[in-house]
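Please examine the sequence and the structure shown below.

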Amino acid sequence: MRPALLALLLASAAAAQTIPDTQSATAVQKMSISRNAKLFTGRTCIAWGITTAPVPDDVPDAPRKQTTTAVVKDILNQYAQAGVKVTTLRWTADGGAEVYVKEEGRYRHVTALDERGQRYTVTFSCLLK
């Protein structure tokens, strides 16, 4: 098979496993999301995605926690406005949460993340089988 065609097929397969309006997850991120989703929902993932929002270095921990909580509340408000019931919600110490919505087959984990000297609020997502 030609290298260009192979690259196109691989890119198409990777894109097909990415949730719309999210960035594609790396293999390591997919493993982590899948493990957490399985533990939290009992179901396995078929597509993955992440969204990231950088947090400036000068933001203290308390406002950072509030920002992470605001992301979760925004997700919960979107579900409420759509009339979709959240099946399970577990808040985390960093102000984030794990959210399972059985009706749409979706798992989300919002968290504060420090990666390579940068700080982010990250939402890890997975569509479930």
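The torsion about the S-S bond of Cys 45 and Cys 126 is about -95 degrees, so the disulfide is left-handed. The two cysteines connect distant parts of the chain, for Cys 45 belongs to strand β1 (residues 45-55) and Cys 126 to strand β5 (residues 118-128), 81 residues apart. Their sulfur atoms are 2.1 Å apart; a disulfide is defined here as a pair of cysteine sulfur atoms within 2.5 Å. A disulfide is a covalent bond between the sulfur atoms of two cysteines. In the whole structure, the search finds 1 disulfide. Cys 45 and Cys 126 are both buried, where buried means under 20% relative accessible area, exposed over 50%, and partly exposed in between (1.4 Å probe, protein chains only).

The model is predicted: local features need pLDDT of at least 70, side-chain atom pairs count only at pLDDT 80 or more, and totals for chains, interfaces and linings use all residues. Residues are numbered from 1 along each chain as its sequence is written, and side-chain values use heavy atoms, with hydrogens and water left out.

The chain contains 3 helices and 5 strands, in the order α-α-β-α-β-β-β-β from the N terminus. Helices (H or I, at least four residues) and strands (E, at least two) are DSSP runs, numbered from the N terminus. Of the 129 residues in the chain, 34% are buried.

Two further residues can be set side by side.

| Residue | Element | Relative accessible area |
|---|---|---|
| Thr 41 | helix α2 (residues 27-41) | 15% |
| Arg 108 | strand β4 (residues 106-115) | 14% |

The side chain of Thr 41 reaches the backbone oxygen of Ala 37 at 2.7 Å. A polar atom of that side chain of Thr 41 also lies 3.0 Å from the backbone nitrogen of Arg 43. When residues up to four places away in sequence are not counted, Thr 41 touches Tyr 100, Tyr 107 and Leu 128; contact means heavy atoms within 4.5 Å.

Arg 108 counts as buried, at 14% relative accessibility. Apart from its neighbours within four places in sequence, Arg 108 is in contact with several residues, including Ile 75, Tyr 79, Glu 98 and Phe 124. Arg 108 and Ile 50 are 58 residues apart in sequence, while their C-alpha atoms are 9.3 Å apart in space.

Notes:
A polar contact is a pair of N or O atoms within 3.5 Å; within protein, one must be able to donate a hydrogen and the other to accept it, and residues adjacent in sequence count only if both atoms are side-chain atoms.
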